[in-house]
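Could you walk me through this protein as if I were new to reading structures?

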Amino acid sequence: MDERDYQHLKIELKWQKIWDESRANICRRDAGGKKYYVLEMFPYPSGRLHMGHVRNYTIGDLVSRFLSMKGYNVFHPMGWDSFGLPAENAAIKNNIPPFKWTAENIAHMKKQLMRLGFSYDWTREVTTYSPGYYKWNQWIFEKMYEKGLAYKKKASVNWCSTCNTVLANEQAENGVCWRCESPVTQKDLEQWFFKITNYADDLLKGHDELAAGWPEQVLTMQKNWIGRSTGLKINFTVETGEEFPIYTTRPDTVYGVTFMVIAPEHPFLERVTDKKVRDFMERIKKQPLIERLSEEKEKEGIDTGIKIINPFNGDKVPLYVGNFVLLHYGTGAIMAVPAHDTRDFAFAKKYGIPVKLVIDNPNAPIDVKSMADAYVDDGINVNSGQFDGLNNRQAIEKISDYAEVKGIGNREVNYRLRDWLISRQRYWGCPIPVIYCDSCGTVLVPDKDLPVKLPTDVDFRGDSRSPLTMMEGFINTVCPKCGGRARRETDTMDTFVDSSWYYAKFTSPDTAGMFDRDEVDYWMPVDQYIGGIEHAVLHLLYARFFSMVLNDLGLLKSREPFTRLLTQGMVIKDGSKMSKSKGNIVDPDAIIEKYGADTVRLFMLFAAPPQKDLDWSDKGVEGCYRFINRVFRLVARFGGKYGGNFKFDGINLDPQLNKLRIEVHRTVKIVTNDIVERMQYNTAIARMMELTNALYQIDEGSAGTKEGSMVVSEALSKLIPMLAPFIPHVASEMWEMLGNGGSLVKTRWPEYIEELTTRDEAEIVFQINGKTRSKTLVPSDISKEDMEKIALENDRVKESIAGKTVVKVITVPKKLVNIVVK
């Protein structure tokens, strides 16, 4: 073979065939070594992989391959989140049955994944549209129903008119549909819910267990979404004596209430007959939630004419309907204290409502008539009856004590979290296993009759209505209790139900029961989970809830499903996330054809740290391809000439060879640490590039000696295995070129000699406009001028500043060189 002849297509297909025939990726409980379960969030089979997929799965494959080489028994499965709206919309648009459209997409995307050489155990493949899978969705639903965790009620729900279905609160955050970004409106419907609120405290307590392995940002997002608060429920009353409860975290301000505000959807307002008020209510109901929640949206209201009585001081205050109060939060009504809440202050000034000061500034007493905005800091209670003179933080407890003694209120823990609405008025999803009988009411489908199968021969009649609502053969059935005529539920489950427990099903996809007990107990929980941060309060919260439910049902030993979580950044091109609508999609197949799967994988790992967004760069891809070629030529140059003998006992090396050997061992140590501890794969690659450069610098004379042969042999015997998790195909080929037998994927990760990794050197980082591009080791006493010279001569730096003007060079001794360009 010519030393420059790196034939990526031939090499990659060769090794994929070898891995497949040798069943290299099959996972077994009895394989030895400590278990390690690596999982990336499985994809929706939309038709083709995009670069966001490729990045996610490349990170997971690196972790899987690295840990296998470290001696772990790694479990690395893949499957398909295959129910969902896109398939249904494609069926309507193209007159293709969703089942057929989805199956074809799965076949194509699976081929793409295989072409990238990912180490998946395809014998564990799970497809959620399979009746054998969604049978267990239905079984779990029934167990939850029996335990009071699944229920149906009429509720004002989030409605997406574009998708023609309801959305859970988590799917309508900021008032827009999570899928199509259309404005969400409110609609009253009978819907099925999962009682996730029963697990609110468990979900919060679990954060303590997850703190060591999950990003703090994700835990904070979940904590804020669950929104646990301790406050006081106060029983205000209507003039008729009817209770009008509200919840507040600021009982210290209760004496300053000058009006109340209620959500326009609140059932209490059914008594209002005034046409002007009712017209206002209807107008506000139609406003998208994102507008009503917006800080910039003008706060509107109208006086209902109803008076509410404050139980603490007997004040009668007006009840307004407001556009900023939502039925889903608290009791759907609030007490308003304009002197101490900025929003309430603006509202009061707009509608001429009095402002009453009840917390004063002890350092600068406030004249309420001169207030330009609310006073929101701590202070001393005034105009608060027997609580005058107390620090307002003390007043919170004293007023709460008083309310409980007098029976006008009680302390409560409240949550922002609401129960999970799982009903969907769409076809392509898991049927809800419920039958409605006029005699027996709501009846569960018996276990023996599960699964309730979704019909696949359907007619959409050209619109987005669910065909199930028009299929008499599906709807009409027999009541399992009385044998009388009955009808099936035609709503399907939210597809997030499918993805809330798939991680456990991978352990035993073909078992007759839900799980094979030995398999699920051995592999669970997932040790490393990888996916986007956009799922922080959707999939990740639901999956944790389901895992806890399955644990309580005795089906899982672990309570938390994912021990460690890595949230990778997006792939950006031309300043925005890749999308068809923006015309900035890069086709993975085209890049693989031109440069090879290994180049794509290497670029995805090198262009940015995994947690950061990655800017797509054609030049960056070409640079990775050139690096692979450089290593390939290096192995072609040395591989046939040098054996594997590198026992150095009693051997004295000249300075050049000794320096190279030190570089080898330092590289192994740094790369290992970058992968294991820092998860900074880009810097690990940069270090291996530096070692490659060092190998190129060794002259033929030194390399031709016995000692030179030993150093080069040792270097290549460590460099190529280190490259294996990053570029497994060509690394396997180069391993073979070096004369090694056996599979590189089963070779152990190289070790280093600690004594050779410690010397009087400093590691300096090279940055371009503040972004790290490379790093290297230099003598600890290096001058500032030499640091700048080395930086400007670095290959990676030269590539990054080519064609640009260097504005200035910032040098921090022994730490970094930052080159500012424009």
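Asp-81 touches Phe-42, Pro-43, Tyr-44, Pro-45, Thr-128, Thr-495, Asp-498 and Ser-499, leaving aside residues up to four places away in sequence; touching, or contact, means heavy atoms within 4.5 Å. You will find Asp-81 in the loop between β2 (73–75) and α3 (85–94). With a relative accessible area of 15%, Asp-81 is buried. Buried means under 20% relative accessible area, exposed means over 50%, and partly exposed is in between (1.4 Å probe, protein chains only). Helices (H or I, at least four residues) and strands (E, at least two) are DSSP runs, numbered from the N terminus.

A word on how to read all this: the model is predicted, so local features need pLDDT of at least 70 and side-chain atom pairs count only at pLDDT 80 or more, while totals for chains, interfaces and linings use all residues. Residues are numbered from 1 along each chain as its sequence is written, and side-chain values use heavy atoms, with hydrogens and water left out.

Next, look at helix α16, residues 588–595, whose buried residues are Pro-588, Ile-591, Ile-592 and Tyr-595. Seen down the axis of α16, these buried residues fall within an arc of 100 degrees, so they line one face of the helix; the arc is that of the directions from the helix axis to the C-beta atoms. The face turned away from the buried side of α16 carries the exposed residues Glu-593 and Lys-594. What covers the buried residues? The cover includes α1 (8–21), α2 (51–69), α4 (98–115), α17 (597–606) and α18 (618–638).

Both ends of α16 have something to show. Just after α16, Gly-596 takes a positive phi of about 100 degrees.

**Rings that meet**

A pair of aromatic rings is described by the distance of the centres and the angle of the planes. Rings of Phe, Tyr and Trp (its six-membered ring) pair if their centres lie within 6.5 Å; planes under 30 degrees apart count as stacked, over 60 as edge-to-face and the rest as tilted. By this rule the count comes to 49 aromatic pairs. Here are two of them:

| Pair | Centre to centre | Angle between planes | Type |
|---|---|---|---|
| Tyr-6 and Tyr-625 | 5.9 Å | 40 degrees | tilted |
| Trp-420 and Phe-546 | 6.1 Å | 65 degrees | edge-to-face |

Tyr-6, in the segment before α1, and Tyr-625, in helix α18, are 619 residues apart, and their pair links distant parts of the chain. Tyr-6 counts as buried at 6% relative accessibility. Trp-420 lies in strand β15 (residues 420–421) and Phe-546 in helix α15 (residues 539–552), so their pair ties together parts that are 126 residues apart in sequence. Trp-420 is buried, with a relative accessible area of 0%, and Phe-546 is buried too, at 1%. Ring pairs also link these two residues into a cluster whose members include Phe-141, Tyr-145, Trp-192 and Tyr-542.

The last stop is an open sheet of three strands in the order β25-β24-β26, with mixed pairing; strands pair if DSSP finds at least two bridges between them. At the edges stand β25 (576–577) and β26 (614–615), each with a single partner strand, so one side of each is left without a neighbour in the sheet. Strand β24 (residues 571–573) and β26 run parallel and are joined by two bridges. Val-571 has Leu-614 as its bridge partner in β26.
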